[in-house]
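Please open the model in your viewer and keep a selection panel at hand, since the tour moves from helix packing to a strand and then to charged pairs.

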Amino acid sequence: MQRLAALALMALPALAATQPAVPWTRGATCYEVFVRSFYDSNGDGIGDLQGLIEKLDYINDGNAKSTRSLGAKCIWLMPIAESPSYHGYDVTDYYRVEPDYGSNEDFKRLVAAAHKRGIKVLVDMVLNHASSQHPFFQQALRDTTSPYRAWFRWSPTKPAELNPWGQSNWHKSPLRDEWYYGFFWGGMPDLNYTHPPVVAEAKKVARFWLKEMGVDGFRLDAVPYLIEEPGAIHHSPATHAVLRDYQSYLRSVKRDVFTVGEVTDTGNGILESYYPDQLDSYFAFALADKIIEGVRKGDARGLLEPVLRLQRIVPRDRLAPFLRNHDQTRTRTELGGDVAKSRVAALLMLTMPGLPFVYYGEEIGMIGNKPDERLRTPMQWRNVTGGGFTIAKPWERLQDDSSTTTVESQDKDSTSLLNLHRRLIHLRSATPALARGVLIPLTTSNDAVTAYLRREGDHVVLVVANLSSAALDGITVSSGERALPAGSFVLRDLLGGTDAARVRIARDGRVSGLIPLQTLAPMQGYLFELRTSTR
């Protein structure tokens with residue numbers, strides 16, 4: 001861990017060489033919403049834009065002094081463009097809101113209402129593929145002389161190429177003896193980004209959402225698969241070139257646009273190739289997996305390695321930590337239903353550098369496992385029929401714990417997972433070290449304990465988490481040189497507990513054998529601000 005601390009500090013001067021993210025992301029938290037499952041305003045069993053407008057105060061009520069809302073300053077909406085599917089990732093009209101959710105005018109009202117509360121709006125942009133029902137694909141399918149043939153990939157015979165999982169991504173045409181390419185499934189044919197009109201259309205769509213609809217940026221789906229090259233079915237050099245050009249264009253349209261991409265990274269160094277001059281940010285999948293694994297096993301070893309690796313090459317505000325999203329088993333399910341484990345996982349994630357993302361329902365510990373529909377079940381607002389989501393039959397059955405795991409049941413419980421999220425999200429916004437600070441790892445005397453500093457100049461926060469199911473006594477934390485400014489400090493508990501140890505730091509800035517608390521409670525996280533002591 002001493003080596004990791006040294007690497008973290010060595011990386012600081014290099015950060016100035018790469019462009020930081022837009023200022024509004026610093027200290028902000030983003031909330032991922034599946035509109036279909038959030039709130040049904042018209043009683044048809046399907047969530048809609050008006051329902052989201054009615055629940056915006058839950059996300060952020062716009063009152064900086066209030067802690068009744070989550071305090072998120074950004075929402076990411078899963079696909080809202082017209083689509084034949086429930087999930088929306090197969091788009092038939094990129095310029096029209098899905099009628100189940102409302103109209104384009106409803107969306108503009110949502111953006112205005114969000115902006116009034118200080119909430120930025122990101123929408124899912126599906127660049128890699130369209131729906132097989134999209135008019136352009138239908139024309140290309142039916143007419144081999146159509147100008148839209150070149151918008152997709154075709155082959156007179158089934159190519160022998162297989163994806164990294166040993167499967168073919170080529171699909172038989174329903175009309176003639178030929179094949180077309182669709183990485184995910186036959187209902188979503190890939191667009192051909194080697195064809196200039198496709199790139200031009202992608203930019204036109206982006207301009208529409210930025211200028212006409214007023215969004216603040218995009219989450220870009222499945223970006224590694226934009227262009228396939230021989231031997232590179234994903235992560236190809238041409239894909240990087242498309243993203244670089246696309247980001248440059250977005251900046252020319254809206255200077256403070258923000259983009260975050262989906263690039264699954266398992267710690268093999270792939271994610272680094274998408275920085276520094278492509279999208280603003282990418283989801284830190286490897287970090288999410290490390291947090292979940294560490295909390296599940298009660299072992300903190302290696303937990304911080306993914307964030308330290310990224311922090312070395314990219315500004316801290318261009319990281320995107322999260323725990324789970326709409327494609328993954330929900331956090332509490334991953335952690336065996338254990339709320340205490342969910343709490344400490346949330347604390348770790350929400351004290352990481354960057355712009356963190358919280359998937360709707362995670363803040364109350366909703367459960368969910370595959371298939372995908374069961375990962376995207378209706379929000380559990382209250383213990384009533386329909387979970388407070390709808391007065392009708394919901395589009396998807398609620399989870400079995402929907403009568404007990406609700407916003408209403410946790411709202412006034414100061415120890416609830418919901419209120420922990422509220423406190424942490426508001427603290428990120430109000431605390432310079434959490435909003436912008438570098439992460440400096442600390443060495444602990446027990447492998448079940450992780451500890452690190454977040455430091456922005458002389459503003460410092462200490463994070464300590466006991467991942468063990470047992471109480472631990474006398475745990476010490478230490479660091480290398482230059483971890484802290486010199487001086488005497490008191491550890492002020494930011495989560496409402498009592499102040500802890502006092503510490504004196506010599507001129508070398510080294511933390512040595514500090515015992516933050518005599519006893520660390522089992523599966524418990526702590527957050528301390530270092531305040532200058534006069535004693």
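Begin by selecting helix 7 (residues 196-212) together with helix 8 (residues 237-253), whose axes come within 10 Å and cross at roughly 35 degrees; axes here are lines fitted to C-alpha atoms, for helices over the stretch in contact, and angles run from 0 to 180 degrees between N-to-C directions. Helices (H or I, at least four residues) and strands (E, at least two) are DSSP runs, numbered from the N terminus. This is a predicted model, in which local features need pLDDT of at least 70 and side-chain atom pairs count only at pLDDT 80 or more, while totals for chains, interfaces and linings use all residues. Residues are numbered from 1 along each chain as its sequence is written, and side-chain values use heavy atoms, with hydrogens and water left out.

Helix 7 passes helix 8 in a right-handed crossing, a crossing being right-handed if the near helix is turned clockwise from the far one by less than a right angle, and left-handed if anticlockwise. To see the contact (heavy atoms within 4.5 Å), show the side chains of Val-199, Ala-202, Lys-203, Ala-206, Arg-207, Leu-210 and Lys-211 in helix 7, which meet Asp-245, Tyr-246, Tyr-249, Leu-250 and Val-253 in helix 8. By class, this contact of helix 7 with helix 8 has eight nonpolar, no polar and four charged residues, where Ala, Val, Leu, Ile, Met, Phe, Trp, Tyr, Cys and Pro count as nonpolar, Asp, Glu, Lys and Arg as charged, and the others, Gly among them, as polar.

Next, select helix 9 (residues 285-297) and helix 12 (residues 339-349), which pack at an angle of about 145 degrees with their axes 10 Å apart. Helix 9 also passes helix 12 in a right-handed crossing. Ile-291, Val-295 and Arg-296 of helix 9 make the contact with Lys-341, Val-344, Ala-345, Leu-348 and Met-349 of helix 12, and these residues divide into six nonpolar, no polar and two charged.

Now turn to strand 1 (residues 30-33), where Cys-30 and Glu-32 on one side and Tyr-31 and Val-33 on the other are all buried, so that both faces are covered; buried means under 20% relative accessible area, exposed over 50%, and partly exposed in between (1.4 Å probe, protein chains only). Strand 1 runs parallel to strand 13 (residues 357-359), joined by three bridges, and Glu-32 stands opposite Tyr-359 in strand 13. Strand 1 also pairs with strand 2 (residues 74-77) in the parallel sense over four bridges, pairing requiring that DSSP finds at least two bridges between two strands; here Cys-30 stands opposite Cys-74.

Which residue forms a salt bridge with Asp-277? Select Arg-244, whose closest N and O atoms with Asp-277 are 3.0 Å apart; a salt bridge is a side-chain nitrogen of Lys or Arg within 4 Å of a carboxyl oxygen of Asp or Glu. Because Asp-277 lies in the loop between strand 10 (258-261) and strand 11 (281-283) and Arg-244 in helix 8, the pair ties together parts that are 33 residues apart in sequence. Asp-277 is partly exposed at 39% relative accessible area, and Arg-244 is likewise partly exposed, at 34%.

As a last stop, select Asp-124, Arg-219, Asp-221 and Glu-262, which are linked in a network of salt bridges; the structure holds 40 salt bridges.
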